[in-house]
Amino acid sequence: MAKGNSFFSHKLHSLLGLFPIGLFLLFHLTANYQATRGAEAFNSTVGAIESVPILLVVEFVFIYIPILFHAIYGIYIAFQAKHNVGNFGYFRNHMFLWQRVTGIITLIFIVWHVWETRIQKAMGATVDFDMMANIFSSPAMIVFYTIGLICTVFHFSNGIWSFLVHWGITVGPRSQRIATYFTLIVFVVVTYIGLRAMSAFIV
């Protein structure tokens, strides 16, 4: 029974990493990318998102609760995992380790980002271009967000590879190698979108 629960939890953990958490990451970075078109475009996008009915309920059901489960179970398997995945080769050993390291960094980054934006909004602040520009007026925050963004995108991209394996979609060496190339492309493209969006706030 315990093994069955563990198998289900691993599957759910992997699934939530892509749906809805991964989709939200892509949506969030795409929305932020609107800042490259100017403050008005970004503020308009934020306004459209804020106008979604029962937004707080949507955020809790599709973002916060899935992230909470993914984070808690992720920490559990990070400390329970044995770093001996020789079946996937030496490169995969490194990816296995970095997936867990970036997972911890990503969690810290998300908690801080939520504090600086959503919690501040709940306390009366306005989430807009000026708020983000103020955050990035600090060189320390630029470094922190850059590291956090890269780690988050790596965790997501490499998580796609893990998802494909755990769900039996890529079962052979060739398909797993193709998946590696695909996830590398995802990492490069999404990282560019995130960093380009971030640079738009640095004035």
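In this predicted model, the largest nonpolar core holds 16 residues, of which Phe-42, Tyr-145 and Phe-201 touch the most other members; such a core is a set of buried Ala, Val, Leu, Ile, Met, Phe, Trp, Tyr and Cys residues joined through side-chain atoms within 4.5 Å, and buried means under 20% relative accessible area with a 1.4 Å probe, protein chains only. Two or more residues come from each of α3 (39–50), α6 (129–135), α7 (139–166) and α8 (173–200), with α6 giving the largest share, five residues. Another core, of 14 residues, lies apart from it and includes Leu-25, Val-153, Val-165 and Val-186.

Leaving aside residues up to four places away in sequence, Phe-42 touches several residues, among them Ala-31, Asp-128, Met-132 and Phe-201, where contact means heavy atoms within 4.5 Å.

The protein chain has eight helices and zero strands, helices being DSSP runs of H or I with at least four residues and strands runs of E with at least two.

| Property of the protein chain | Value |
|---|---|
| Span of the C-alpha trace along the principal axes | about 50 × 35 × 25 Å |

Residues are numbered from 1 along each chain as its sequence is written. Local features need pLDDT of at least 70 and side-chain atom pairs count only at pLDDT 80 or more, whereas totals for chains, interfaces and linings use all residues, and side-chain values use heavy atoms, with hydrogens and water left out.

Notes
Buried means under 20% relative accessible area, exposed over 50%, partly exposed in between (1.4 Å probe, protein chains only).
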